[in-house]
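Take a look at the chain below. This report walks through its helices, then its contacts, then a few single residues.

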Amino acid sequence: MTSATSYSSTQKLLHWSLFFLVVLLYALTYGEDLLPRGDPTVGVIWRLHISFGLLLAGLVLWRVVLRGLRGAPGLPDEMLAPERAAAKIGHLVLYALLIAIPILGILLTWFRGDALSFFGLFTVPAPFAPDRPTARTIRELHSLCANGILIAAGLHALAALYHHFVRQDAILTRMLPKGTK
């Protein structure tokens with residue numbers, strides 16, 4: 001779609017922002033487990049998780065639109081067809097999970113009977129009555145996808161490091177800020 005050799009600065013910012021948001025959301029989730037049951041901080045962590053999850057959803061939407069408009073730099077000519085296919089599948093899986101996780105999180109919140117609040121700036125009430133069995137199923141899917149993104153992102157990072165240190169091509173550097181090698 002594009003002949004650029006690097007992603008735009010906005011695409012890079014979105015890439016790294018999504019990475020840090022996923023890590024933050026995991027930290028919030030597992031930080032909650034360190035607190036005793038009934039601790040009021042758990043509610044604060046839950047609200048922050050929802051707010052940052054909504055931020056993630058917005059940034060993912062922006063990233064998908066930008067990727068559709070601008071495309072991505074081409075892969076090195078030296079890459080074999082199976083490697084190119086693996087790269088495309090890997091990116092597809094990452095995008096699918098980045099879209100699915102926030103959607104499942106929103107549905108989970110609503111099926112629990114809670115409203116969505118974005119850092120207290122606005123609130124969207126649940127459009128339907130609470131349904132605990134459905135909420136449990138959605139929570140399992142949300143957790144499964146969240147664990148899946150860790151695996152997919154880990155493989156993505158390993159592939160980038162392989163390209164940088166073994167293949168010594170520009171796959172990794174095209175997503176780094178200018179001047180970083």
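## Helix H3

H3 has 31 residues. From its first C-alpha to its last it reaches 44 Å, close to the 45 Å expected at 1.5 Å a residue. That expected span is 1.5 Å times one less than the number of residues. Helices here are DSSP runs of H or I with at least four residues, strands are runs of E with at least two, and both are numbered from the N terminus. Just after H3 comes Gly113, with a positive phi of about 95°.

The model is predicted, so local features need pLDDT of at least 70 and side-chain atom pairs count only at pLDDT 80 or more, while totals for chains, interfaces and linings use all residues. Residues are numbered from 1 along each chain as its sequence is written, and side-chain values use heavy atoms, with hydrogens and water left out.

## The whole chain

How many helices and strands does the chain have? The secondary structure comes to four helices and two strands. Read along the sequence, the pattern is α-α-α-β-β-α. The C-alpha trace spans about 55 × 35 × 30 Å along its principal axes.

The chain has 181 residues, and 34% of them count as buried. Buried means under 20% relative accessible area, exposed means over 50%, and partly exposed lies in between (1.4 Å probe, protein chains only). Now take the contacts in the chain with a separation of 6 or more: residues 24 or more positions apart account for 72% of them. A contact means heavy atoms within 4.5 Å.

## Leu97 inside H3

Leu97 lies in helix H3. Is Leu97 buried or exposed? Leu97 is buried, because its relative accessible area is 13%. Leaving aside residues up to four places away in sequence, Leu97 touches Pro102, Cys145, Gly148, Ile149 and Ala152.

## Helix H4

H4 runs over residues 132–167. This helix has 36 residues and reaches 50 Å from first C-alpha to last, close to the 52 Å expected at 1.5 Å a residue. Its buried residues include Ala135, Ile138, His142, Cys145 and Ile149. Also buried in H4 are Ala146, Ala152, Ala160, His163 and His164. What covers the buried residues of H4 includes helix H1 (9–32), helix H2 (41–70) and helix H3 (81–111).

Ala157 has its place in H4. Ala157 is partly exposed, because its relative accessible area is 36%. Ala157 and Arg37 are 120 residues apart in sequence and 36 Å apart in space, C-alpha to C-alpha.

Two packed helices are described by the angle between their axes and the distance between the axes. Axes are lines fitted to C-alpha atoms, for helices over the stretch in contact, and angles run from 0 to 180 degrees between N-to-C directions. The axes of H3 and H4 come within 8 Å and cross at roughly 150°. H3 is therefore roughly antiparallel to H4. Angles under 35 degrees count as roughly parallel, over 145 as roughly antiparallel, 65 to 115 as roughly perpendicular and the rest as oblique. The crossing of H3 and H4 is left-handed: the near helix is turned anticlockwise from the far one by less than a right angle, while clockwise would be right-handed. The contact of H3 with H4 has 18 nonpolar, six polar and four charged residues. Here Ala, Val, Leu, Ile, Met, Phe, Trp, Tyr, Cys and Pro count as nonpolar, Asp, Glu, Lys and Arg as charged, and the others, Gly among them, as polar.

The axes of H1 and H4 come within 12 Å and cross at roughly 135°. H1 is therefore oblique to H4. H1 also passes H4 in a left-handed crossing. In H1, His15, Val22, Tyr26 and Tyr30 meet Ala146, Asn147, Ile149, Leu150 and His156 in H4. The residues of this contact divide into six nonpolar, three polar and no charged.

## Positive phi values

Most residues other than glycine have a negative phi, and most peptide bonds are trans. Phe119 has a positive phi, near 50°. Phe119 sits in the loop between strand E1 (116–117) and strand E2 (123–124). At 35% relative accessibility, Phe119 counts as partly exposed. Leu97 and Phe119 are 22 residues apart in sequence and 23 Å apart in space, C-alpha to C-alpha.

Gln168 follows H4 and has a positive phi near 55°. Why does Gln168 count as exposed? Gln168 is exposed because its relative accessible area is 64%.
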